[in-house]
There are 2 protein chains.
Amino acid sequence: MRAEAIFTGTELLLGQIINTNAALLSQELAKAGISIFRQVVVGDNLERIKEAIQEAGKRADLIITCGGLGPTEDDLTREALAEALELPLEENPSAKEHIIRFFTLRGRPMPPQNLKQALFPRGARLLDNPLGTAPGIFLEHNNKLYACLPGPPSEFGTMLKEKLLPLLQQYGAGKEIIFFRVLKISGLGESAVEEKIRDLLQGMNPTIGILAKPGEIHLRITARARDTRTALELIRPLEEKISERLKSYIFGTDGDTLEGVVGNLLTLKGLTLAVAESCTGGLLAHRLTNIPGSSAYFHQGIVAYDNKVKVKILGVSAEILASKGAVSEEVALAMARGVRDLAGTDIGIGITGIAGPGGGTPAKPVGLVYLAIDYHGNTQVKRELFQGPREEIKWRATQSALDMLWRHLKDNE
Amino acid sequence: MRAEAIFTGTELLLGQIINTNAALLSQELAKAGISIFRQVVVGDNLERIKEAIQEAGKRADLIITCGGLGPTEDDLTREALAEALELPLEENPSAKEHIIRFFTLRGRPMPPQNLKQALFPRGARLLDNPLGTAPGIFLEHNNKLYACLPGPPSEFGTMLKEKLLPLLQQYGAGKEIIFFRVLKISGLGESAVEEKIRDLLQGMNPTIGILAKPGEIHLRITARARDTRTALELIRPLEEKISERLKSYIFGTDGDTLEGVVGNLLTLKGLTLAVAESCTGGLLAHRLTNIPGSSAYFHQGIVAYDNKVKVKILGVSAEILASKGAVSEEVALAMARGVRDLAGTDIGIGITGIAGPGGGTPAKPVGLVYLAIDYHGNTQVKRELFQGPREEIKWRATQSALDMLWRHLKDNE
């Protein structure tokens, strides 16, 4: 099955937003064994969307559009599809009901132009949208498949995975697949990783790709095969070689995150956690609580932005604050100990540092961060010096804290 | 001048990387007054790149390709351009010299396939590449302009800004620019926004575009003019009309964020803030502390994931927790009051809710969130029901909290 994708939105042609949907679509189609040969971006213009749909229909078996299904006047995809295929638009009663219910549930009046979203080209099927008012469109026409999905990334991703792909399987998608597995590495830099596996980089099937992300490295092993099992058989020997060489750095695979892996280990061991953050300002708590079920092990976070909070709530000694400064090994340790005592948890983490852009000195520059862990009274502290803008320093500091926590949990297995 | 862009690379069609070059190109062309009508992505395939170049040449005045200029076998853009225009490839002596020098300077042997990068279609000009071995290509042919730039983002960006755009000025680019201004709206839905400004949407210069983001709406006013000042003169009357109609919803423009606008108001008024979060798990504190200088007004955050924390640290009454439940108006209010008392700040915010995916009941479903503010003892509480995955519910809840805070700060001006 050969696919082409059309992304609509003047905001894309003006560079106001980055087209993340394109990458997501490509990934998901690869997993389903559908090759995508072309992606096109056009603005919110009826003629140009229509032309793009007609051109794609000449070359591909499956034409997917993204965007332009909303209620406003520059949402033109349904009209363009109907005109491109010379089909009339008709109101779909169940779509109409869905839209009215969406507003009723929220207790808001429905602006009448929302009903435009209930119009479908004759013969089209409706794809439910659990997250918004605009349903998707699916249509078989002259032996080609047309699918229209909404543009907001959460709606696009959910409908692609939950509605469109299951439907495409019925049309024979998935005969040969492109499958990749990602090994996720923490605590080692990109070139150090490459050096350890350089001799393995020349293979053709599977191939290896290295991607550096802030605070972690992703190794992608990609294979083509007739099914996932065969692909995994190709991937496994290479994965084992890599795992052996990078054992103490690989924290997970594929969709794993450091916060998720740490959460699993805490759950397995029945341990509880509390964190005291200064320069990361709540980001560590936010990442930990992104994991469903984290309330079982994450009990409390304190964002101690004001030094008075460090003294009053966390019991950091005012003398130490005065003599060593808020950004110091001693204060990080006292914060870890203080929050653990306060929350009565097994583990406490303390982070203090300078996220910038202001507040740095020659002795304590922007990016200096101390991280401490108190695990049943056993403590460890480390010093880091990060570079980059404020948000990247915050992110890297939480990566470092999660890496420290991961090593503690794993080594005490 | 009408442009189209062609991005080559199988990695784009596999979704292994996100096409950030597309957004950068669009932004830079807009600044130079060049309208881009279409972007196309194709894989590393000679026929398909050639076909894309020929099609674009039928519609546009300027055809820009990105990628496929390197030394490896899947770098095919120069061959595709030559075949598309039926021109022979010839070795360019100064390109050859540049490539040899690049390796000599680094003291490395030159793999011979690098000399492929010295081949140019007859009549083409070389665009110097200060960051890599692959020079760019510029060619005038049958009254159309063709430009080929390398794909690595740093090389692409540098050569676009420093080599290609100055050259395009000689061909009349930059006589007119495209300039846009974004108005950012909180507290009103997409179709409600459109309803209030529908009569203004028909203009041709400036035009208005509506973009829905989670918890906020962006209105983009785009003008074409000979310079930024003239563009702003075109934009201003429309902006004033829109501002009048949507006054109480527009929180900022262009790069403004709700957390930044709130931070400015807190600073201006010399007010201080503390937050107590349950379901948002630190995200509100994280967003507030992303703003440089936030330590001046943001004193403390408590992530009260465990109910015991709500009682012990925030002073929420155990009876209320038992009778009303943790997710209730009363608990949100008690959290706001409690964290304000604890931190001794002017304002306290409390958030409690169910982020999901588990934990919902028919009476208290996933997505139910109560948000409360205590401003010098004056309190307000609101109930929201959000949809979507866990992270989106967390995000929308912080949007709602920031909107509530923004309204308090602005109305008390």
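This is a predicted model: local features need pLDDT of at least 70, side-chain atom pairs count only at pLDDT 80 or more; totals for chains, interfaces and linings use all residues.
The axes of α3(B), which spans residues 46-59, and of α4(B), which spans residues 77-85, come within 8 Å and cross at roughly 50°. Because of that angle, α3(B) is classed as oblique to α4(B). On the side of α3(B), the residues taking part are L46(B), I49(B), K50(B), I53(B) and Q54(B), and they meet T77(B), E79(B), A80(B), L81(B), E83(B) and A84(B) of α4(B). Sorted by class, this contact comprises six nonpolar, two polar and three charged residues.

Considered on its own, chain A contains 14 helices and 17 strands. Its C-alpha atoms fill a box of roughly 80 × 60 × 40 Å along the principal axes, and of its 413 residues 49% are buried. Among the contacts in chain A that link residues at least 6 apart in sequence, 65% join residues at least 24 apart.

The two chains contribute to an open sheet of twelve strands with mixed pairing, in which the order is β6(A)-β7(A)-β8(A)-β3(A)-β1(A)-β2(A)-β2(B)-β1(B)-β3(B)-β8(B)-β7(B)-β6(B). The edges of this sheet are formed by β6 (125-127) of chain A and β6 (125-127) of chain B, each of which pairs on one side only. From one strand to the next, the twist averages 15°. Between the chains, β2(A), made up of residues 35-42, and β2(B) are paired in the antiparallel sense over five bridges, and within this pairing V41(A) has Q39(B) as its bridge partner.

Further into the chain A part of the sheet, strand β3(A) (residues 62-66) pairs with strand β8(A) (residues 144-149) in the parallel sense over five bridges, with T65(A) bridged to C148(A) in β8(A). Helix α3(A), residues 46-59, lies across β1 (2-8), β2, β3 and β8 of chain A together with β2 of chain B, and runs at about 175° to β1(A).

In chain B, strand β8(B) (residues 144-149) is largely enclosed by the rest of the structure, because five of its six residues are buried. One neighbour of β8(B) is strand β3(B) (residues 62-66), which pairs with β8(B) in the parallel sense over five bridges; here T65(B) stands opposite C148(B). Strand β7(B), covering residues 136-141, is joined to β8(B) by five bridges and runs antiparallel to it, and in this pairing C148(B) is the bridge partner of I137(B). The hairpin of β7(B) and β8(B) has two residues between the strands, and N142(B) takes a positive phi near 50° there.

A further open sheet, of ten strands and also with mixed pairing, has the order β17(A)-β16(A)-β15(A)-β13(A)-β14(A)-β14(B)-β13(B)-β15(B)-β16(B)-β17(B). Its edge strands are β17 (378-385) of chain A and β17 (378-385) of chain B, each pairing on one side only. Neighbouring strands of this sheet are turned against each other by 10° on average, with direction ignored. Helix α13(B), residues 329-343, packs on this sheet and touches β13 (273-277), β14 (298-304), β15 (347-353), β16 (368-375) and β17 of chain B. The direction of α13(B) makes about 145° with that of β15(B). On the chain A side, eight bridges join β16(A), residues 368-375, to β17(A), and these two strands run antiparallel; within β17(A), N378(A) is the bridge partner of Y375(A).

Taken over the interface, 66 residues of chain B are in contact with 65 residues of chain A. On the side of chain B that touches chain A, two or more residues are given by each of α2 (20-31), β2 (35-42), α7 (190-197), β10 (207-213), β11 (216-225), α10 (283-289), β14 and α14 (390-411) of chain B. The residues on this side of chain B divide into 32 nonpolar, 24 polar and ten charged.

How values were computed. Residues are numbered from 1 along each chain as its sequence is written. Chains are lettered from A and ligands numbered from 1 in the order in which they are written. Two strands pair if DSSP finds at least two bridges between them. Helices (H or I, at least four residues) and strands (E, at least two) are DSSP runs, numbered from the N terminus. Axes are lines fitted to C-alpha atoms, for helices over the stretch in contact, and angles run from 0 to 180 degrees between N-to-C directions. Two residues are in contact if their C-beta atoms, placed from the backbone, lie within 7 Å. Angles under 35 degrees count as roughly parallel, over 145 as roughly antiparallel, 65 to 115 as roughly perpendicular and the rest as oblique. Ala, Val, Leu, Ile, Met, Phe, Trp, Tyr, Cys and Pro count as nonpolar, Asp, Glu, Lys and Arg as charged, and the others, Gly among them, as polar. A residue is buried if 20 or more other C-beta atoms lie within 10 Å of its own, exposed if 12 or fewer, and partly exposed in between; C-beta atoms are placed from the backbone.
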